[in-house]
Amino acid sequence: MPPLSLDLLRTFLAVHRTGSITAAAQTLGLSQPAVTAQVKTLEATLDRPLFDRLARGVAPTPAADELARRVAPGLDALEEVVAAELPSDEAVHLGGPAEFLSEVVMPMLAPLVRDGLRLRVTLGLSDDLLAGLAAGRLDLVLSTIRPRLRGVQADPVYDEEFVLVAAPGAGPAEPLVAYAEDLPIVRRYWRGVFGRRPSMAAQVVMPDLRGVLSAVRAGMGVSVLPAYLCRRDLEAGTLVTLAEPEEPPINTGYLAVRSGARTRPAVARVRDHLVRELRAARSF
């Protein structure tokens, strides 16, 4: 392989890991034409195509996969050396579901914040957050789906349990309150507990589980919610469960980190702390 510019290789690796010229440009702080030009320069230097252009994003060729395998360890090691020179109070950028981070994770991180940790939190859906992680905009992501992105390492760290709940006196024939029109949480629960898809449609849809909880508590209907979110209401009697399955449906959560970022002291500290705390509790 001829000598190659580190800038070209860094740009190539960003495109390879994100699967997108646009995302790589955002990661690197470059324009899309600049990233495209650098990729073409690298392809010309190597005399082989590295990416197939798709309607959305790019797909690596076998040559690109081999090049990434060879250069990624060295570039990641270089990133670690540079990161080691950063101030010890660098901010850690954490992403995850709004409800789980607010109810469970933030209290866990309170001791680290009191000890000086600078934290920046991004809330959103797992797919979007994992794309931000691969693109370098986030350091850590708590994901409700198993990450399958190049350059991202993930460990299962907790299980969410789900319960069918309503206000006292309500029954299963009450209107349905849901997070989304396609009932993703309700469908998972119905298949796991009743062995079939739900036949009803939602009467109230609110894309925030805390809002769904509030609506159910107010008597608008029934819903399926994570146990951690409604545990206090169940203990206080302001909500009741409508089913008691022997094995409640669960969803496994993962803690994902970019390759190379794990050795940064602040990121490693937050990651290790969350792995320890979440696995100690295990189910929520």
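## Cavity lining

Ala, Val, Leu, Ile, Met, Phe, Trp, Tyr, Cys and Pro count here as nonpolar, Asp, Glu, Lys and Arg as charged, and the others, Gly among them, as polar. On that scheme, the lining of the largest cavity has 11 nonpolar residues, 1 polar residue and no charged ones.

This is a predicted model: local features need pLDDT of at least 70, side-chain atom pairs count only at pLDDT 80 or more, and totals for chains, interfaces and linings use all residues. Residues are numbered from 1 along each chain as its sequence is written, and side-chain values use heavy atoms, with hydrogens and water left out.

A search of the whole structure gives 1 cavity of 30 Å³ or more. A cavity is a set of points, on a 1 Å grid over the protein atoms alone, where a 1.4 Å probe fits but cannot get out; lining residues have an atom within 4 Å of a point. Points are joined across faces, edges and corners, and the volume is the space filled by probe spheres set on them. The largest cavity comes to about 50 Å³.

Its lining includes Tyr-179, Leu-183, Pro-184, Leu-209 and Ser-223. Two or more lining residues come from each of strand S7 (176-178), helix H7 (184-194), helix H8 (209-217) and strand S9 (223-226). H7 gives the largest share, 3 residues. Helices (H or I, at least four residues) and strands (E, at least two) are DSSP runs, numbered from the N terminus.

## Strand S11

Buried means under 20% relative accessible area, exposed over 50%, partly exposed in between (1.4 Å probe, protein chains only).

S11 pairs with two strands, where pairing needs at least two DSSP bridges. Strand S5 (residues 140-143) runs antiparallel to S11 over 4 bridges. There, Leu-142 bridges to Leu-255. Strand S6 (residues 152-166) is also antiparallel to S11, with 9 bridges. Glu-160 has Asn-251 as its bridge partner in S11.

## Helix H5

Helix H5 (residues 98-114) bends by about 50 degrees at Val-105. The bend is the angle between axes fitted to the seven residues ending there and the seven starting there. Pro-107 follows within four residues. Buried residues of H5 include Phe-100, Val-105 and Met-108. Just after H5, Gly-116 has a positive phi of about 115 degrees.

## Ile-21

Ile-21 lies in helix H2 (residues 21-28). Ile-21 counts as buried because its relative accessibility is 14%. Beyond four places in sequence, its contacts (heavy atoms within 4.5 Å) include Val-15, Val-35 and Val-58.

How values were computed:
On a 1 Å grid over the protein atoms alone, a cavity is a set of points where a 1.4 Å probe fits but cannot get out, and a pocket is an open set with protein on both sides within 12 Å along at least five of seven lines; lining residues have an atom within 4 Å of a point.
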